[in-house]
Every structure is written in structure tokens, then in C-alpha cells.
Amino acid sequence: MDFDVPILTDADFGEVPPPPAKPAPTAESLVDGLTEPQKQAVLHTEGPLLVLAAAGSGKTRVITRRIAYLVHCGVPPWQILALTFTNKAAGEMRERVFSLLGQHEGGTNRATRGLTITTFHSLCARLLRRHAEAAGLKPDFAIYDSADQLTIVKKAIEACQLSTANFQPRSVLGVISNAKNDLIDAEQFAQSSLDFSTKCIAKVYSSYTTALRRANAVDFDDLLLLTARVLSRNEQVRAACRDRWQYLMIDEYQDTNKAQFQIASIIAGGGGGESGGELRTSGPNICVVGDPDQAIYGWRGADISNILDFERYYPAAATIKLGENFRSTAPILAVADHLIKRNRRRKDKPLFTVKTGGEKVEVNKCRDERHEATVVAQWLRSRHESVDKGGQGLAWREMAIFYRTNALSRVMEEALREYNVPYTIARGTAFYDREEIKNALAYLRVVANSADSVSLGRIVNVPSRGIGDTSYDRIEMFADQSGVTVLDAMHRVGEVPDLTARAVNATTKFVQMVDGWISPNTLLAAAGGSKLSELVDRVIRESGLEAMYKAQAATSKTETDAERLDNLAELVSSAAEFEQEYDPGSDPMNTTGGTPSVLDMLRAYLESIALVADADAVDPSQGSVTLMTLHAAKGLEFGGVAMIGLEEGLLPHMRAQQSEPAMEEERRLCFVGITRAMRRLLITSSNYRTMRGMSERTIPSRFLSELPAEHVSVRNLSDVSGGLGDEWGEQHDSGDIEFSDAARAPSRPKLNAPFPVGCEVRHPQFGLGKVQAVTGGANARVTVAFRGLGVKTLVLEYARLTRV
């Protein structure tokens, strides 16, 4: 079916106010201070371009200078689209570009009018609102966060008469998410399902999708899937996007998944993503910037082949390598470069700095996780209080601790508290995950979208008002049978069978309260007369949330409950700040370009919250050490970094042991952690680590043995050598440091080996298993596939195995 597709205008994507007059930049000023490869990337404006940007090589500087240079060359700014992955990165790019073109963000002139610098998900949300009918949606659709998705998928599992114990909601959501990122909808997923488990998930996927559409809602993955579908199937939408955006730039291209690849390819007008693999001999104006060595999101659908095969998709593409690092010292870079060269799936490029000097990378072997935490805490305090060579001591906020999994943080936190080291754990959108905030936002989502049954179900009886689960279930059933929304059914509560008089009365009062918030006088009033922050404050008070948490705080007399009131007040402040920064020209719902209504602002505000990413939540201005996973550390930098838990099964993770591509991604993850460090880097490993309450012997990470000896300072701080003491830090002919036999290829056991490959063994904890490999040396290891538990590698001396 064809739809009328309006041409995209400046009002749809980012028009900004009048600027202070500043001199226009010259071509010379836009390349001033750039290295020769950086300058080449900025000046290369036509045709496909691949910029291989090594860690810390100034890629953001190149992207922003290139955008400014295109405008300087006469390209209308509204024809430029720059895409990245986080709101923080997009905001920094906008600010830099506006500054380069002679204005501050918030001002506007002809040089930036209509320029679009945004995230993939934000772009897709805007496109879908603009072309909602083509996507089978209504323009006021809600974007459900992970908690909302979990609520719906639980109901979908139950509706399919399946057990949430056998089909865990989070796991099912993960399968659905991966399918959507691979552009597989519910119907296609069902067609390709062969086994019982997959067929059951297919039913849940279908039920989940139906529930989303009934609530006029989409999830994050829908934003990409539906946009890719509309662009591929609707010629008018496709033509409108291509007409609007003649120059496309994509940052962090190594992190794109199949859906993002297709969206970019279609908008650019070429490449394999548009035509199912058909290659073009001449290419469009698409510039992608990225580093295959920092591709660490394969587990969530990112496809490293998108960047590795860019030149195959665009044979006319030029490739420019940015290898000079402006962040780290020479020893840190040498360690990182030596490590990553072990990977095969990569594009080689230089990684160097012209700066001389710098401390060697420190590698410490510890007794156990508590000793490790103490060593790290002391190291951080030492870096903070002492003066490094050639500079001052590091502020707390300039240091971070990285780990492969969140479970490693607990012991580390205890040591930091003991040594009075202030710290912050980066946990993404923590503020918006708090109970009181999620309740308030649920009320606001109902105001913004009356069909949002998930949000309505969350707060219909919060605080308690006499609408219990049984009553609400009957109202929901009536809504399903009548083909109306749940809120509409509540308006007709007198028709709902088997409700008590108390429930009818409570429902009537609830509906009257909501109607007061969504009345035209409130929501459709121009924002100049009625403020978004006033609406938020009113909802918090009139809903009873504020009174409920006041009473709770008075009863418990705890700081936690008292802070809930502060958090609600902060939400009002958040809405007020959003009002001040809101740009009506960037809101596709504000089609007139005039003064937006409170409803327009509310929807935009809720969308901005839904699209906040983990990296956006990290505040570098805090005076504390930051604790985070290696995945969360990507894109950040710190003066001093401690990487803990470099052991087999942790880093590299146990899941990567049997897969070479997965092992290479683990090595890239280690590389990313190393290259976050600017001046000092500490890497630690422990002899023993407590797992499920049991202290278990560990094997040093193979990555430790891949570090270059001349740039590493090794200390074995463990009291119990366990046979590792003599070997720890030994330099071999290869120039690497041999920390253990873990990194060596499994060897054939001697004929008299106690556990030859293929034999059956028994372990007192893990049960029966079959030996898969044996590694010799002073620290012989045996790899065993245990029934029902998977593959485990054990130090033979401590393995407690018996041959069956």
C-alpha cells in the first residue's frame, strides 16, 4: 500500500535559534592542527570513505571538522546526517560543529539550519513518528523500556500457557531482540522455527508483538526493525530520506548490527544492505568511522563484518588510517598493540604516539580477590597522593577500575571503603530505574498515551486505592472483549461484570483524576502558558505518590525512604531543565513549527528518557573513582586504570573458550580496557577466587602471556606460589612474558598421562565428564566437558579427578 509521504523539512530534524555573529571558518582553519591522515579524511568529501580510527586517534575531531568543511564547501547543512550510538556522543558532536561554524548550541544560523546529528534510535523514532502509518503505527506511539518489555513478555508467556520457569522472560526477550536486530519479525521467526523450544518462543514473540501494537507501543529493537522495513518497502519514504540527506556519516561503525547496516545503506543509496549483496562500482557519499579492534558488542548483535567488508560493499571506497594516539603513553600503546596483533579478523593499522616517556604497565599477581582488592585500593591511593614523574598526582575522578563482570565489584567496593577511596559505580540509567521515578513516569506515560496498558497496570493501584489485581484483570478482560483500550474500559466501568461497588467507585475516581490531567486545557495549551514541569509536579502530588512516600519515610525514618521524596523533586527539576533545552524544530510531532503544546513536550521528554544509554550516565566530573565493566568503559578515558580479574573464565570469559571468534572479541575487550588508560595502568590476577562460596584455584589469563616483556613490570605478590612462583614473569625467546601454560595450544599427553584425551572422569563437585584436552608443563591443566555443566579447565594438581 502506498502512503502520501511529505518531504522531510527542517522542522522535522533539528532547526536551531539565531546565533551570535561570529566570523565564518576558513578552509585553512578547519584543517589547522590536524595530522596529515586527519586532514585527508576531512578534505575527502565525495564518494564512500572508510576511516580506520585507532583508539585515541581523534576521530570525533575528524568527524566534526569534516561536517564543518562540507558546510564550508557549500553543502546545505540539512543534507548532512551524522549518526552515532549515544546521546552524549551526539551532543558533543553538535556542540563542536556549532562552535566550528561560529555559533553556540542553542543558537542558529544558515550554517547549521536543519543539520542532523543524532543517534540511530533517535533518528528511527523520528522517522517512524513522521511515517507512522507506513509502519502500521499511530504517531503518538510509546517507546517501552526494558522493564515494560519484561512485563509484556511475562504476560505473553503466560498467554501461551508456558512456564516462566522454563521460558525465563529475560532470556526470551534476548532471543526476540537478536531476531529483530537481524531483521526477523515474528512471522519469519515462526517460519524458521524447527525445535520445540524455538517454536514456543515463536508463539511468545507473536503474542508479545500483538500486545505491543495493542498498546500503541514499540520497543528499542522495533525502532530499528520497523524503520528498516519502511525504508526497504516504501519508495516514497526512501526517496524522501535520500533527497533530504545527501551526505551520511556514521561513527563507531564496527558496532552496527544488521538492521543499522541496512538503514544506513538504504539512506546512502548503495551497498550490500540495500540490494541483498549487490555491489556497486561507484559509491554514494557515505563516510564510516570505526575500529575493528574495538568491536566488543557481538553478543548484542553487532556485526564486525560490516566494517571489515566495507570496501567489498563499496569497491570505489577510499580508506584512510588514523594511527597516531593522543591519549596514552608509549608503553601502554605498545602493550595494547602487541596484544591485539594476535587477532586474525582485523585491519592492521599503526598505533603509536609521538610523545616519549611513560611508566611501564604494572602486572600484579595476588593471593585471592580480597588481596587483589587491597592491592588495587592501595595503588589508587598512592596514585592520588603521590606525584607521578612529570606531572601531578591523579584526582579521584581521573581513575577507574574495570572488570569483565559486575559480580567482581562487591569485594572491590569493600576495600575502597576500608581505604577511604571515594567511588561511583556506573550502572547506566540508575536514576530512572528507581521505584518512585518509574512510578511517576508510568503516570506520565498514561497521560501521553492513553493506550499504554503496561504503564497503566503499574500505577492503577499505586498508591493503593481499591483497584486490586482481580478487579483490574476483569477490566482488562472487558477491554479485550470490547476491542477498546483499558483506560476506555475504565471509563465504562459500570458495564464491567462482577466488580464490587468499591472497585467501581475507586475506578471512577481514578479515571476522573487522569481526565483532569489529559484535558485539552492542560495538554493542548501552549507551553508558554502551562509548563511541563508544572504538569509533572501536579501528577506527583495528585496521584498520591508524594503523600505515600512521605508517610513511608515518616514510618521507617530511613534515609532511603527520605531520598525518594528528593528523587521525585529531582524529576520535576529534570522536566524543567528539559523545557529550557527543548528545541521544537527537532520534534517531528511539532509539524507546524510553532509554539509546542505541553503534550508535545511531554512526549518528547519521555522519549528522551527512554533513549538514554549506559554511557550517557557516566559523569566524569564526579570526584570519585569510577567502577565499571569493560563494555561500559568503551569511549571513555582515565588518567589511571586498574583492570582486575585477568583469569581464564573471567577474561577471557568462560563462554569464549570453545570459539575463536568469541575469543578474539574477548581479546578486543581487553584491548579496549588497556587503551582507556592515559598515564598509568595496573592489571591484576589472583591465584584463588571465591565462586559460589568456594575458594577455587584460578588460571592466569592467556592475555597476560601475550604482553610484551619490555613494556611490562611484573610483581608476584602472592604468598603461596603453588608452583607458579618460578615461572611468573619469566621472559621467553618470543619477547612475550610467560605467565602460565594457559595460553599454549593444548598438547598431546604422554602415553603414561593419568587422564588421556577421551577418557571418562569424575569430579566430586561437577560429576561425570570426558577429557577434551591436556596441557603439559609445571602447571598441567586438563579440559573436561562435564555432563550438564559444560566445559571447565582445571589445574591438574588441584583437580580432584578420578578416572572412571
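This is a predicted model: local features need pLDDT of at least 70, side-chain atom pairs count only at pLDDT 80 or more; totals for chains, interfaces and linings use all residues.

Biologist: How many bridges join strand 2 and strand 6, and is the pairing parallel or antiparallel?

Modeller: In general, strands of a sheet pair through backbone hydrogen bonds, in either a parallel or an antiparallel sense. Here, strand 2 and strand 6 are paired in the parallel sense over four bridges. Ile250 also stands opposite Val288 in strand 7. Strand 6 (residues 247-250) and strand 7 (residues 286-290) form a parallel pair over three bridges.

Biologist: In what order do the strands of the sheet lie?

Modeller: The order is 3-2-6-7-1-8, in an open sheet of six strands with parallel pairing. Strand 3 (116-119) and strand 8 (318-322) are the edge strands, each pairing on one side only. On average, neighbouring strands of this sheet are turned by 15° against each other, direction ignored.

Biologist: Which helices lie against these strands?

Modeller: Helix 2 (residues 36-43) packs on the sheet, where it touches strand 1 (49-53) and strand 8. The direction of helix 2 makes about 145° with that of strand 8. Helix 5 (residues 120-130) lies across strand 2 (80-84), strand 3 and strand 6, and runs at about 105° to strand 3.

Biologist: How is the packing of two helices described?

Modeller: Two packed helices are described by the angle between their axes and by the distance between those axes. Helix 16 (residues 330-340) and helix 31 (residues 660-674) pack at about 170°, and their axes are 9 Å apart. Helix 16 is therefore roughly antiparallel to helix 31, because an angle over 145 degrees counts as such. In this contact, Ile332, Val335, Ala336, Asp337, Leu339 and Ile340 of helix 16 meet Arg667, Arg668, Cys670, Phe671 and Ile674 of helix 31. By class, the contact has eight nonpolar, no polar and three charged residues.

Biologist: At what angle do helix 17 and helix 18 pack?

Modeller: Helix 17 (residues 369-385) and helix 18 (residues 409-418) pack at an angle of about 45°, with their axes 8 Å apart. That makes helix 17 oblique to helix 18. Their crossing is right-handed. The residues that meet include Ala373, Val376 and Leu380 in helix 17, and Val411, Met412 and Ala415 in helix 18. By class, this contact has eight nonpolar, one polar and four charged residues.

Biologist: Is His653 buried or exposed?

Modeller: His653 has a relative accessible area of 13%, and it is buried because that value is under 20%. His653 is found in the loop between strand 13 (638-643) and helix 31. Leaving aside residues up to four places away in sequence, His653 touches Arg404, Thr405 and Glu666.

Biologist: And what is the relative accessibility of Gln552?

Modeller: Gln552 has 29% relative accessibility and counts as partly exposed. Gln552 is placed in helix 27 (residues 545-556). Gln552 and Arg564 are twelve residues apart in sequence, and 9.6 Å apart in space, C-alpha to C-alpha.

Definitions and conventions
Residues are numbered from 1 along each chain as its sequence is written. Side-chain values use heavy atoms; hydrogens and water are left out. Axes are lines fitted to C-alpha atoms, for helices over the stretch in contact, and angles run from 0 to 180 degrees between N-to-C directions. Helices (H or I, at least four residues) and strands (E, at least two) are DSSP runs, numbered from the N terminus. Angles under 35 degrees count as roughly parallel, over 145 as roughly antiparallel, 65 to 115 as roughly perpendicular and the rest as oblique. Contact means heavy atoms within 4.5 Å. Ala, Val, Leu, Ile, Met, Phe, Trp, Tyr, Cys and Pro count as nonpolar, Asp, Glu, Lys and Arg as charged, and the others, Gly among them, as polar. Two strands pair if DSSP finds at least two bridges between them. Buried means under 20% relative accessible area, exposed over 50%, partly exposed in between (1.4 Å probe, protein chains only). A crossing is left-handed if the near helix is turned anticlockwise from the far one by less than a right angle, and right-handed if clockwise.
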